[in-house]
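Here are some notes for a colleague who is opening this entry without having seen it before. Please keep the sequence and the 3D view at hand while reading them.

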Amino acid sequence: VVPCAGMRAVGTRVLLGWLAVIGPIASTGAWIVAGLAQDEYSPRRGYIEDLAALDAQHPWIVITGFLLVGVGTVALGVGLAGAVKGRSATVGSILVAIAGIGFIVAGLARRDCYSQLDACADRYDAGDMSWHWQTHEWAGLVAVLALAVAPLVYARAFRGDESWRDLRAYSIITGVVGLVLLVLLFTNVPESWGGVLQRVLITVLLLWVAVLGARLIRLSRVRPRESAI
């Protein structure tokens, strides 16, 4: 019989896994719905955070999405901390948790205005940004960078764990693609396609979060049965 403490640990890990799956789905749905509800908004040019700006029509939708994906990402980091062994896994869990906290901070620290408006763009170019806008920029960058590096770190940890080894190549691809897209987003991408590139980047990274969350759920349900007497 599996001890009660073990059952509680399994239940907690399953919950953490579900949060990691639900967060990315909720976040993606939030920016899709908010984009459709926002007047004069182009998802090709406009960034996701523009939908949560102080002058957005329905900012609560995307703010909620930021908070849910932040909680889900932190949950994944906590869940993986006990599911994957090794120093690399510990570093990876910390990076994932940092990414989640970054998403939460970015969701609460809102931009002042829709960046694609001329007046807002001029304000940005002049460096006339509020403290919460600057906080959002830095928190978002930290979150995305941490979440792009984490798959590469976990790929090393997965190499020695049979339960996760099949996700090693996927994690490497996710990390490399994420870093390339992040560099393009801040350098060579045409401004008119910034919104599309950002959405592709976020989708690639959050899909990895959801996939690992699903694996965490499956392993948490299988291992107690294997250890039962």
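This is a predicted model: local features need pLDDT of at least 70, side-chain atom pairs count only at pLDDT 80 or more; totals for chains, interfaces and linings use all residues.

1. The protein contains seven helices and zero strands, and along the sequence its elements follow the pattern α-α-α-α-α-α-α.

2. Of the 229 residues in the protein, 48% are buried. The accessible surface amounts to about 11300 Å², and carbon and sulfur atoms account for 67% of that surface. When contacts between residues at least 6 apart in sequence are considered, 75% of them join residues that are at least 24 apart.

3. Two helix pairs deserve a careful look, and two quantities are used for each of them. Packed helices are described by the angle between their axes and by the distance between those axes.

4. How do the axes of helix 2 and helix 3 cross? Helix 2 (residues 59–83) and helix 3 (residues 87–108) have axes that come within 7 Å and cross at roughly 165 degrees. Angles over 145 degrees count as roughly antiparallel, and helix 2 and helix 3 are therefore roughly antiparallel to each other. The crossing of helix 2 and helix 3 is left-handed. Residues of helix 2 that take part in the contact include I63, F66, L67 and G70, while helix 3 contributes, among others, S93, V96, A97 and G100. By class, the contact of helix 2 with helix 3 has 17 nonpolar and six polar residues, with no charged residues.

5. The second pair consists of helix 5 (residues 131–158) and helix 6 (residues 168–186), which pack at an angle of about 155 degrees with their axes 8 Å apart. Helix 5 and helix 6 are therefore roughly antiparallel to each other, and their crossing is left-handed. On the helix 5 side the contact includes L141, V144, L145 and P151, and on the helix 6 side it includes R168, S171, T174 and G175. By class, the contact of helix 5 with helix 6 has 14 nonpolar, four polar and one charged residues.

6. Is P151 buried or exposed? Its relative accessible area is 0%, so P151 is buried. Leaving aside residues up to four places away in sequence, P151 touches S171, T174, G175 and W208. The C-alpha atoms of P151 and I173 are separated by 8.5 Å, and these two residues are 22 residues apart along the chain.

7. S88 is found in helix 3, and at 16% relative accessibility this serine counts as buried, because the cut-off for a buried residue is under 20%. Not counting residues up to four places away in sequence, S88 touches V153, R156 and A157.

8. The last point concerns a loop residue, E40, which lies between helix 1 (4–37) and helix 2. With a relative accessible area of 75%, E40 is exposed. Most residues other than glycine have a negative phi. The phi of E40, in contrast, is near 55 degrees, a positive value in a residue other than glycine.

Definitions and conventions
Residues are numbered from 1 along each chain as its sequence is written. Side-chain values use heavy atoms; hydrogens and water are left out. Axes are lines fitted to C-alpha atoms, for helices over the stretch in contact, and angles run from 0 to 180 degrees between N-to-C directions. Helices (H or I, at least four residues) and strands (E, at least two) are DSSP runs, numbered from the N terminus. Angles under 35 degrees count as roughly parallel, over 145 as roughly antiparallel, 65 to 115 as roughly perpendicular and the rest as oblique. A crossing is left-handed if the near helix is turned anticlockwise from the far one by less than a right angle, and right-handed if clockwise. Contact means heavy atoms within 4.5 Å. Ala, Val, Leu, Ile, Met, Phe, Trp, Tyr, Cys and Pro count as nonpolar, Asp, Glu, Lys and Arg as charged, and the others, Gly among them, as polar. Buried means under 20% relative accessible area, exposed over 50%, partly exposed in between (1.4 Å probe, protein chains only). Accessible areas come from the Shrake-Rupley method with a 1.4 Å probe; for residues, only the protein chains shown count as cover.
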